[in-house]
Amino acid sequence: MFRKWFRKAKPLSQKQPSTPQQDPLSTDFHENLQVLRSIYNNCADVIFRPFLIGGNKKAAIVYIEGLSNIEEIDRSVLGPLMDAAAGEADTLRAIIENKITVPEIKEVKTFADCIGHISIGNPVLLIEQEDRALSLGLAKWEKRSLEEPTAESVLRGPREGFTESMGVNTSLLRRKIRSPRLKILSMKVGRYTQTEVVIAYIEGLADTSLIDEVRNRLQRIDMDGVLESGYVEEMIEDNPFSPFPQVINTERPDVVAANLLEGRVAILLDGTPFALIVPTTLYSLLQAAEDYYQRFMIGTAIRWLRYFFFVISLLLPSLYVAVITFHQEMVPTTLLISMARSREEIPFPALVEALFMEITFETLREAGVRLPKQVGAAVSIVGSLIIGQAAVSAGVASSPLVMVVAITGIASFSVPRYSAGIALRLLRFPMMLLAGSLGLLGVMLGIIAIIVHLCTLRSFGVPYLTPLAPIKGRDVKDVLFRAPWWMLNTRPRLTGEENKYRQAPGQKPDPARGTE
Amino acid sequence: MIEKGKISASQMGIMMYPTIVATAILWVPEATATRAGRDMWISPILASLTGFLSVYLAVRLHRLYPKETIIQYSEHIVGRILGKGIGFVYLLFFLQLDWSILREYGELMVGQFLPRTPMFVVLGSMLLVCAAAVRGGVEVLGRAAQYFVPLFILVFGMISLMLFPDLKPVNMLPVMEKGILPAIKGAVEPLKWFGEFIVISFMLPFLTDRERGMTWGMITVIATMLTMVVINLLVLWLFGEITASLTYPYVEAVRYISIADFLEHIESLVMAIWVAGTFIKIGVLYYVLVLGTAQWLNLSDYRPLVYPIGMLLVITCMWPRPNLAELAIYLKYIAPVIGIIIQTLLPFLLLMIALIRKRVTNGGKAVQEG
């Protein structure tokens with residue numbers, strides 16, 4: 001029903017913002033300059049700097065203040081060109097080869113290209129009588145230094161995270177995967193923002209059809225601005241009406257590198273530290289980078305714990321409501337008596353009580369995230385300690401329920417990916433309503449509905465519950481367990497079967513190895 | 001083809017297991033105990049012969065008409081008009097099978113766990129969930145089964161372990177006191193469940209590995225048979241002669257569990273897991289009904305039929321049998337007969353006719369090749 005409304009939305013008029021001139025540059029220097037000036041009308045931050053090459057040939061350099069390295073422009077472009085002797089810098093080739101000491105130079109032929117280069121910070125050099133301009137790779141802008149990602153911290157593992165700058169992010173990736181088979185495709189998205197989007201993959205590992213599909217979906221995006229990878233995520237999902245994320249987002253280069261090595265594709269966006277990884281399965285959302293860095297037994301145990309609490313964070317309040325409302329006989333008698341005693345003074349049915357406390361807790365959490373850090377601590381103390389205590393003594397909530405809410409809260413923090421935890425936080429409420437109306441049967445029907453939904457989901461063609469449903473024998477060892485590295489010989493089977501093995505078999509360490 | 005999804009042969013097997021076992025664990029112990037007494041555990045073994053036969057028939061027919069279901073190839077075998085007739089009979093049969101399962105589920109839920117909830121709500125909520133799965137197609141059903149069946153087996157395995165201290169194997173002696181006849185009588189009712197294996201003829205066309213269809217069909221029959229034997233034995237060892245007088249012996253057995261004064265009265269939890277199995281069963285039969293109807297009417301898509309047929313199911317479910325006693329009579333005396341005729345005899349006849357027709361049309365060719 002909702003789908004139809006959304007589908008019916010009429011295609012918007014394809015009007016582009018004042019189309020940048022697709023015309024080529026002319027040989028008339030003044031006209032070129034004029035056109036650029038008119039395009040950058042009322043842009044105080046765009047600097048036009050006319051000068052003479054060797055004292056006779058007119059030229060101009062155009063750049064945006066703050067985006068380009070001014071000292072370098074002075075030292076390697078303006079200086080050598082202005083000091084050039086007559087005849088030394090007559091042709092474009094001579095200028096490039098003899099005079100400008102900038103490593104990266106590109107010739108540009110249209111105004112659109114000029115604008116593109118200027119806007120990413122590369123100064124553009126216009127020269128008299130030339131129908132080509134030179135774009136100089138001197139972009140440099142203020143950026144944040146590398147920091148440990150706060151949302152995905154680890155005890156053991158690399159501590160650097162992506163930043164807002166694309167150049168830094170791709171270099172972080174390249175530093176992890178040095179092979180030239182790491183490919184980085186660039187494209188622009190956003191009518192106004194012209195954001196640089198990069199598709200990273202490893203040639204020979206990622207399925208070619210997957211790469212094409214990612215590229216097609218990205219090219220279909222036509223919106224005013226792309227400010228965060230969340231925009232892209234919503235535009236390329238398989239099923240837009242699902243609470244579950246079908247794309248992983250991460251700030252960690254090591255996570256991206258590991259996923260690339262498994263044959264996935266990463267999408268990086270300029271201006272945000274969050275990279276996207278596709279295709280995604282439910283289990284990859286429940287895996288933390290550290291699982292692979294700690295010893296495998298601990299990794300496995302922690303993984304089980306996490307699966308358990310993933311389920312708990314969805315089910316605990318609804319199980320409580322169901323048992324208290326419908327199935328009191330399941331509770332051992334002594335516990336039942338103490339629970340009944342604490343519920344004696346509560347005027348509400350268990351469902352109302354649970355909904356009330358859960359909503360309060362969600363509000364506290366949201367307030368804690370948005371507030372400044374110093375105030376946030378106060379909120380969490382007031383919220384968790386005082387409200388919890390007061391609710392019990394005021395007879396609004398029973399103490400077992402406060403415990404249930406607290407455990408649920410902690411359980412949902414144990415999901416390593418925030419986007420997956422948030423989906424369960426949302427689903428918890430309909431589950432509580434079902435539990436309040438149909439008891440355990442309602443809970444079970446809710447679980448069935450969620451699993452049926454998960455079974456219909458696909459992320460870029462890969463079923464969301466792979467490798468458990470449909471079952472993929474070889475990959476189960478990295479989902480139900482965290483098999484030791486010397487056993488993880490095969491890559492997860494995603495879309496293709498190319499390049500099945502990721503390491504040589506039989507590397508189980510053994511002191512006797514290599515002696516015979 | 002209407003269904004674009006593909007499943008593997010193992011998925012088919014995993015789907016068929018709860019399709020047979022989910023309701024069998026509730027009804028078979030009581031039914032076999034009434035007629036076979038202490039030899040109730042032999043009955044499923046005898047009854048499973050129809051299971052093997054059904055799988056064999058379905059696979060043989062499938063090999064003759066690889067891309068079609070029984071609704072479609074019955075037209076090729078006995079001609080258009082008669083074929084449509086047989087197709088209609090099958091649709092009616094699956095309709096009654098599906099509503100009787102749904103009704104059994106509703107009776108159990110309302111009778112044992114939710115006495116004050118209207119039957120309509122219980123049935124409707126289940127059907128809504130099933131409809132979502134059926135709309136997803138055979139792939140989604142298969143994957144959901146892969147999720148629930150291990151859980152189902154795990155929980156029931158654990159229950160068997162927990163019952164261990166109370167079991168008295170002596171209850172089963174003497175074996176075959178009155179000869180094999182009581183066991184054969186007891187086998188009449190489980191026949192219906194094993195006959196349901198004909199449902200695989202609706203899944204075989206969508207297999208990725210067709211050659212393994214027979215193997216997995218047979219494995220599932222064996223697994224089903226073993227499950228029924230184990231459950232009959234558990235109930236027999238636990239309750240002995242009184243098994244026949246209990247409505248749901250297995251539920252009573254679960255009620256019996258009490259370990260360390262802590263794990264007791266877990267029947268609600270067990271029922272919740274059982275609901276998952278029933279969901280697969282109702283879902284598969286619902287899917288077969290919807291797909292069959294679409295094929296019978298030569299539609300290009302079966303999805304528009306999902307909700308209308310769902311409503312039909314709820315109505316038929318509420319209407320023909322007023323209470324559990326009448327339902328039990330229907331299930332005990334009428335359903336097995338219909339079941340044997342339609343699930344086993346009719347496919348058998350179809351296969352015979354198909355083979356004869358093939359012999360007649362290919363006769364000349366075969367001689368030449370020879």
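Predicted model: local features only at pLDDT ≥ 70, side-chain atom pairs only at ≥ 80, totals over all residues.

Me: Where does Leu345(B) sit, then?
Reply: Leu345(B) lies in helix H12 of chain B, residues 324-369. It has 13 other C-beta atoms within 10 Å, so Leu345(B) is partly exposed. Leu345(B) and Gly195(B) are 150 residues apart in sequence, yet their C-alpha atoms are 9.8 Å apart in space.

Me: How many residues of chain B are in contact with chain A?
Reply: On the chain B side there are 27 residues in contact with 23 residues of chain A, where contact means that the C-beta atoms of two residues, placed from the backbone, lie within 7 Å. Two or more residues on that side of chain B come from each of helix H4 (80-113), helix H5 (119-136), helix H6 (138-163) and helix H10 (267-296) of chain B. By type, the chain B residues on this side divide into 17 nonpolar, eight polar and two charged. Nonpolar here covers Ala, Val, Leu, Ile, Met, Phe, Trp, Tyr, Cys and Pro, charged covers Asp, Glu, Lys and Arg, and the others, Gly among them, count as polar.

Me: Switching to chain A, how many helices and strands does it have?
Reply: Chain A has 16 helices and twelve strands. Its radius of gyration is 30 Å, well over the 24 Å that the globule rule gives for 516 residues, so chain A is more spread out than a compact globule. That radius is taken over C-alpha atoms, and the globule rule is 2.2 Å times the number of residues to the power 0.38. The C-alpha trace of chain A spans about 100 × 70 × 45 Å along its principal axes, and 38% of the 516 residues count as buried.

Me: What domains are assigned in it?
Reply: The assignment for chain A gives domain 1 (29-136), domain 2 (166-280) and domain 3 (315-459), with bounds that come from an automatic or database domain assignment. Taken over C-alpha atoms, the centres of domain 1 and domain 3 of chain A are separated by 63 Å.

Me: What is the strand order in the sheet with E1(A)?
Reply: That open sheet of five strands has the order E1-E2-E4-E5-E3 in chain A, with antiparallel pairing, and two strands pair if DSSP finds at least two bridges between them. Strand E1 (46-53) and strand E3 (105-108) of chain A are the edge strands, each pairing on one side only.

Me: Which way do the residues of E4(A) point?
Reply: In strand E4 of chain A, residues 124-127, Val124(A) and Leu126(A) point one way while Leu125(A) and Ile127(A) point the other way, and all are buried. Leu125(A) is the bridge partner of Ile61(A), and in E5(A) the bridge partner of Leu125(A) is Leu134(A). E4(A) and E5(A) form a hairpin with five residues between them, and Gln129(A) in the turn has a positive phi of about 70°.

Me: What about the sheet with E6(A), what is the order there?
Reply: Five strands of chain A form this open sheet in the order E6-E7-E9-E10-E8, and the pairing is antiparallel. Its edge strands are strand E6 (182-189) and strand E8 (248-250) of chain A. E6(A) and strand E7 of chain A, residues 195-202, pair over eight bridges, and Leu185(A) stands opposite Ile199(A) in E7(A).

Notes: Residues numbered from 1 in each chain as written. Chains lettered and ligands numbered in written order. Helix = DSSP H or I, 4+ residues; strand = E, 2+ residues; numbered from the N terminus. Buried ≥ 20, exposed ≤ 12 C-beta atoms within 10 Å, placed from the backbone.
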